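Notebook open; today I'm looking up charged side-chain contacts, then the strand pairing. Here is what I have on screen.

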Amino acid sequence: MKRSSRLSIALHALVHLHAQPARQLTSAALAGCLMTNAVVVRRVLGELREAGIVAASKGPNGGWSLARPAAEITLRQVYEAMGERLLVRTESDPGDVTCAIVRSVDRVMRDFLDDAEALLAARLARVRLSDIATEAMGAGFPRLG
């Protein structure tokens, strides 16, 4: 199964939006930085808009912007807005669900992954978007022209 990079795309785009608070950035401009398609950017940022993390405006001067300061946005909020898990386990073949051993293994592994996911989410709650932006900007992060 291909791992989703939607969380990475979201965080990358958010840092660009934070770095240029006076500008609204278009999906096309962000897509160029993220090396992806503008449709992908719109889908990801659309989920963040629903969570109140970004705002969008239409028109010739429209684009995306942060809905609140980066210091108020945790990575957990972004992660939850994306609605995906960081840890992925392939379940047993559905034809095996009648087997008591398969059901037990699946339950134990699901419980284990749920616990691990909760620990990751707690750690993500301690990191703010501004922390990532500060580190990136200190490392010579390029702004959109």
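I went for salt bridges first (a side-chain nitrogen of Lys or Arg within 4 Å of a carboxyl oxygen of Asp or Glu), and the count comes to four. This is a predicted model, so local features need pLDDT of at least 70 and side-chain atom pairs pLDDT 80 or more, while totals for chains, interfaces and linings use all residues. Residues are numbered from 1 along each chain as its sequence is written, and side-chain values use heavy atoms, without hydrogens and water.

I looked up E47 and R6: their side chains form a salt bridge at 2.4 Å, N to O. That pair links distant parts of the chain, with E47 in helix 3 (38-50) and R6 in helix 1 (6-19), 41 residues apart. My helices (H or I, at least four residues) and strands (E, at least two) are DSSP runs, numbered from the N terminus. I also noted that R6, E47 and E84 are linked in a salt-bridge network.

How exposed is E47? It is partly exposed, at 23% relative accessible area, on a scale where buried is under 20%, exposed over 50% and partly exposed in between (1.4 Å probe, protein chains only). R6 is partly exposed too, at 24%.

Next I checked R76 and E80, which meet at 2.8 Å, N to O. They sit four residues apart in helix 4 (75-82), about one helical turn.

Last, the strands: I found strand 1 (54-57) and strand 2 (63-66) paired antiparallel over four bridges, where pairing takes at least two DSSP bridges. A56 has W64 as its bridge partner. Five residues separate the strands in this hairpin, and G59 in the turn has a positive phi of about 105 degrees.
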